[in-house]
Amino acid sequence: MSEAMIPADLPLRNDLIGEVPYGAPQLDVPVCLNVNENPYPPDHAVVHSIVERVKQVAPTLNRYPDREHIELREAFVKYLKEESKADLTVDQVWGANGSNEIMLQLFQAFGGPGRSALGCDPTYSMYPEYARDTFTAWHTAHRNPDFTLDVDRTIADIDALEPSMVLLTSPNNPTGTPLPMQDLKRILDHCQSAQVAGAADGVHPIVVVDEAYIEFRDPGTPSATTLLGAYENLAVSRTMSKAFAFAGARVGYIAASAGIIDCLRIVRMPYHLSAVTQAVALAAFDHTKEQLSQVDHLRHTREETAAWLKEQTYNGKPLQVAPSQSNFLLFGGSFDDRGAIFDQMLQRGVLIRVVGPEGWLRVCMGTDEEMRRFREALVESMRVVEHA
Ligand SMILES: Cc1ncc(COP(=O)(O)O)c(C=O)c1O
């Protein structure tokens, strides 16, 4: 697909003129390690269940789907209980077409003209786009040099900017950095009495924790969903796209107080989740164990790859690797021309991502064979660029 070619006589919103559609390159290359997917396809039993569930709904497709998607919400509750030990009710969860749509609904409900949202850079590159699309001002607090959150500065920024939403990503993309529970609690406690610019007195910011990669955390680490009983101002976004190996199905969800969910119900499109999407998601939840079966292995691959990367050198210096609790690694730190290394890797059939601060590159964990090719291509690419 070509870049956007927008005729000058179309009445595109003034603030969108010059903007281009956002998205990671979708290239036909042998080794795709650029969008943090689970590289292992659904197993045979899951494929069979998907076909059966879709067969059941196919004769009903003349009717609109259950717009409250109750059966699927029950499956989210069950999964969050099993996976994160969170005790939730159906009115505390809500699904959408990927966590991207969940985030957009949050911005539609809590952002808007006169409102602002605060994230912590470097972080997921879509957040500013949701802000732009909903006329919400987007601000970023800065992280420490090791990419952990600077909690004092973040709290000071909350006081200075009075956002309606504070967006924390754990593990963070593109750095993989987890957010310790004590840091999250400090921010949640502070937001319980913080002001929101442009809102009535007594209105306080909500804190959104984006846990897209949470299943890759070290076993035993709590999820923010376990705090939902204690904090009405908390919303935790999750997705089936990453560890759950279901990116193509486009299913994300959120766990929060019933009040926050009701706000999202105001802005959602009618029947936003198709009957087919609901059916395939339910089929995948019938096979949670199979869907998550490669998570331990991917975690192990991440640790092995991080150790290997640290042994590599570029211009005589060892590569840096950001400590990661996700299925990707941000590495390098001192690449003087990261674009050239990316290009060399691509020429060798390996697609990674130019993202994050200057000097760094991101790679997501692939199959064993894909990681072998990644290593080989990186060693060759760094040598070529060093000697260019
Ligand atoms: C931090 C983070 N949040 C949300 C998403 C959106 O994922 P999806 O819309 O597939 O659920 C991504 C995708 O890469 C992400 O990295």
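1. C120 is buried, at a relative accessible area of 2%. Buried here means under 20% relative accessible area, with a 1.4 Å probe and protein chains only. C191 is buried too, at 0% relative accessibility.

2. The model is predicted: local features need pLDDT of at least 70, side-chain atom pairs count only at pLDDT 80 or more, and totals for chains, interfaces and linings use all residues. Residues are numbered from 1 along each chain as its sequence is written, and side-chain values use heavy atoms, leaving out hydrogens and water.

3. How many disulfides are there? The count is zero, taking a disulfide as a pair of cysteine sulfur atoms within 2.5 Å. For C120, the nearest cysteine sulfur is that of C191, 11 Å away. The C191 sulfur is therefore too far from C120 for a bond.

4. K242 carries the UniProt annotation "modified residue: N6-(pyridoxal phosphate)lysine", from an unreviewed entry. Such annotations may be inferred rather than shown by experiment. K242 sits in the loop between β7 (234-239) and β8 (252-256); strands are DSSP E runs of at least two residues, numbered from the N terminus. K242 is buried at 15% relative accessibility. Beyond four places in sequence, K242 contacts (heavy atoms within 4.5 Å) V35, N36, N38, A212, Y213 and F216.

5. R338 belongs to helix α11, residues 338-347; helices are DSSP H or I runs of at least four residues. R338 is buried, at 11% relative accessibility. Its side chain reaches the backbone oxygen of G356 at 3.1 Å and that of W360 at 2.9 Å. Outside four places in sequence, contacts of R338 include V354, V355, P357 and L361.

Terms used: Buried < 20%, exposed > 50% of the residue type's maximum accessible area, 1.4 Å probe, protein only. Polar contact = N/O pair within 3.5 Å; in protein donor to acceptor, adjacent residues only side chain to side chain.
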